[in-house]
Amino acid sequence: MSACTLAACGNSNSQASNGKTSLNLMETDVVSSLDTSVTASIPQWDTLVQTMAGLYRSDKNDQPVPAVATSYHKSSDGKTYTFKTVRPILSI
């Protein structure tokens, strides 16, 4: 209850003056790898999900909408998808 009271006492003009907002998150576990295939804990997985953009994301109705992908082409046999993206996903 006291946390709600203290939150209500904050300065609402601090972010409004410069038009910028930020979200600060605290993690409860060390992120040991950025490889999603070896991530074992939920806190690590949450960090990866929050920091990596996928080809598509879900909209407010849980329907897929483009994120990094701008378009895609599906092969006639339905086994190969070719995605076009805003920027290269991987460059070597």
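Q: Which residues do ring pairs link into a cluster?
A: This is a predicted model, in which local features need pLDDT of at least 70, side-chain atom pairs count only at pLDDT 80 or more, and totals for chains, interfaces and linings use all residues. Residues are numbered from 1 along each chain as its sequence is written, and side-chain values use heavy atoms, with hydrogens and water left out. Rings of Phe, Tyr and Trp (its six-membered ring) pair if their centres lie within 6.5 Å; planes under 30 degrees apart count as stacked, over 60 as edge-to-face and the rest as tilted. The cluster linked by ring pairs consists of Y56, Y72, Y81 and F83.

Q: Why is the pair of Y56 and Y72 classed as it is?
A: A search of the whole structure finds 5 aromatic pairs. For Y56 and Y72, the ring centres are 6.2 Å apart and the planes stand at 75°, so this pair is edge-to-face.

Q: What is the angle between the planes of Y81 and F83?
A: Y81 and F83 form a stacked aromatic pair. Their centres are 6.4 Å apart, and the angle between the planes is 15°.

Q: Is Y72 buried, partly exposed or exposed?
A: Buried means under 20% relative accessible area, exposed over 50%, and partly exposed in between (1.4 Å probe, protein chains only). The relative accessibility of Y72 is 47%, so Y72 counts as partly exposed.

Q: What is the relative accessible area of F83?
A: F83 belongs to the cluster linked by ring pairs. This residue is partly exposed, and its relative accessible area is 32%.
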